[in-house]
Amino acid sequence: MNRAIKWLSFIVISLFVSTAAMADEASLQPQQWQPIQVEAIAGNIPELRGMPINPQLQLPASIPEDANETVLGYLGATDTIAFLVYASLFAVIALFIIFIIVNGISRLDDGYSGKLIKRWSGLSISVHWLGAIACMLLILTGLVLAGGRLYLEPSMNQSSWASLVGLSSGLHELMAFPFILGYILMILMWAPKQIPASYDLKWFAVLGGYLNTGKKHHPDAGFANAGEKLWFWVFALFGGLMVISGLTMMFPETFVVTKNTANTMLLVHIVSTIIITAFSVVHIFMATVMSEGGMSNMTSGYCDENWAKQHHNLWLKELKQQA
Ligand code: HEM
C-alpha cells in the first residue's frame with residue numbers, strides 16, 4: 001500500500017514538474033505568427049521578453065547564421081499573407097456562390113434511375129473523413145494563426161484573444177496527426193485510380209460539362225474525372241509539402257532545423273495552405289452542391305447509375321464489361 005502511495009506521489013509530482021517546465025518553456029517560445037523584434041545584447045544568452053503583446057527576442061550581437069533576406073522579406077509581409085490566406089477561403093466561397101447563381105448546378109439529365117452502384121469501400125470512406133475533418137479543422141485554426149491578429153484581435157478583448165490563439169494553436173498541432181494518417185492512406189490507396197489519360201484534356205476543354213450553355217456536354221471520364229484528378233495531385237503535392245514543412249516546424253530539434261530553415265518551411269507551409277484551402281472549397285462545393293447525386297458517394301459508398309453514366313461513362317462501361 002505504502003509502495004503504491006509512493007509511486008502515485010512520484011507520478012503526480014513528475015507530471016506537475018514537467019507541466020510547469022513545459023509552461024515555462026512555452027512562454028519562451030517565439031511564435032511564428034508574431035513579428036519579433038531582434039535586439040543585439042552584450043551577453044550571449046538569447047532571451048525572449050514581452051510575450052505575447054510585444055514580443056522581443058534578445059540575441060547575442062553576432063548571430064551565428066545570416067538570415068535569408070528574401071524569405072524574411074516575404075514573411076515580413078504579414079498583412080498580405082493574412083489577406084491571401086483569408087481570400088483563399090472567403091473569396092473562393094464568394095466566387096463559387098456567384099458562379100452557382102449565374103450558371104446553376106449540374107442536374108441529372110434523366111433523373112435518378114434508382115439503380116445503385118458501389119463506388120467507394122467502407123475503408124475509403126473512413127479514410128476520407130479522417131483526412132477531410134482534420135483538414136477542415138486545420139484550415140479553420142490556421143486562419144486564426146495566420147491572420148487573426150489582423151482580422152480578429154481588434155474586435156476581441158485580450159483574454160478572449162489569448163484563449164482563442166491558445167486553443168487554435170493546440171488544436172492545429174493535434175489535428176496534424178489524423179491529417180497525416182488520412183493523407184498517407186488516401187495517396188497510397190487512391191493514386192492508381194487517378195492516373196491522367198489523354199481524354200482528360202477534352203474534359204478540361206468543356207469544363208467537365210458543368211457550364212449550362214444550353215448544349216449538353218458529358219465528356220469522357222474513367223473512375224475519376226480530370227477535375228478530380230487535378231484535385232488529387234494538387235492535394236498529393238501541396239498536402240505533402242504542408243506535412244513536411246509542418247513536421248519540421250513542430251519538431252525542430254529532431255530535424256535539426258535552423259532558424260533559416262524554419263522560416264523557409266513557414267513560407268512553404270503558407271503557400272501550400274493557400275493552394276489547398278482554395279482547392280478544398282471548390283472540392284466541397286462540387287461534392288455538396290454542384291453535382292446532383294454526387295454526395296452519396298462519400299456517405300453510403302454508392303452512386304446512382306445515371307450519375308455514373310453522366311459523369312464517369314468509361315468507368316460504368318468497364319464495370320458492365322466485367323459483369
Ligand atoms: C465537407 C467536406 C467534404 C465533402 C462533402 C467531400 C466529399 C467528397 C466526395 C463526395 C468525394 C467522392 C467524389 C466521387 O466519388 O467522384 C470526395 C473525394 C475526395 N475527397 Fe472529399 N469532401 C470533403 C472534404 C475533403 C477535404 C478537406 C479533403 C482533403 C483533405 C478531401 C479530399 C478528397 C479526395 C482526395 C478525394 C478523391 C478525389 C476525388 O474524387 O475528388 N475532401 N470527397
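This is a predicted model: local features need pLDDT of at least 70, side-chain atom pairs count only at pLDDT 80 or more; totals for chains, interfaces and linings use all residues.
Take helix α5, residues 158-190: with 33 residues at 1.5 Å a residue, α5 should span 48 Å, and because its end C-alpha atoms are 46 Å apart, the two values agree. Even so, α5 has a kink of about 25 degrees at Ala-176, and this kink comes shortly before the proline Pro-178.

Which residues of α5 are buried? They are Val-165, Ser-168, Met-175, Phe-179, Gly-182, Tyr-183 and Met-186. As you look at the spacing of those numbers, keep in mind that an α-helix has 3.6 residues a turn, so residues three or four places apart point the same way. The buried residues of α5 are covered by elements that include α4, residues 122-151, and α7, residues 226-250.

Is Ser-280 buried or exposed? Ser-280 counts as buried, because 20 C-beta neighbours lie inside 10 Å, and the cut-off for buried is 20 or more. If we set aside the neighbours within four places in sequence, Ser-280 is in contact with Cys-135 and Ile-139. Ile-139 is 141 residues away from Ser-280 along the chain, and yet the C-alpha atoms of the two are separated by 9.7 Å.

Next comes the ligand, which is surrounded by 22 residues, the closest being Ala-132, Glu-228, Ala-287, Asn-297 and Met-298. Helices α4, α5, α7 and α8 each supply at least two residues of this shell, and by type the shell divides into 13 nonpolar, 7 polar and 2 charged residues.

In the model, residues 81-106 are 88% helix and 0% strand, with end C-alpha atoms 35 Å apart, while residues 171-191 are 95% helix and 0% strand, with end C-alpha atoms 29 Å apart.

Finally, a word on the whole protein chain, which has 10 helices and 5 strands. Of its 323 residues, 20% are buried, and among the contacts with a separation of 6 or more, 71% join residues 24 or more positions apart.

Notes:
Residues are numbered from 1 along each chain as its sequence is written. A residue is buried if 20 or more other C-beta atoms lie within 10 Å of its own, exposed if 12 or fewer, and partly exposed in between; C-beta atoms are placed from the backbone. Two residues are in contact if their C-beta atoms, placed from the backbone, lie within 7 Å. Helices (H or I, at least four residues) and strands (E, at least two) are DSSP runs, numbered from the N terminus. The expected span of a helix is 1.5 Å times one less than its number of residues. The bend at a residue is the angle between axes fitted to the seven residues ending there and the seven starting there. A residue is near a molecule or strand if its C-beta atom, placed from the backbone, lies within 6 Å of it. Ala, Val, Leu, Ile, Met, Phe, Trp, Tyr, Cys and Pro count as nonpolar, Asp, Glu, Lys and Arg as charged, and the others, Gly among them, as polar.
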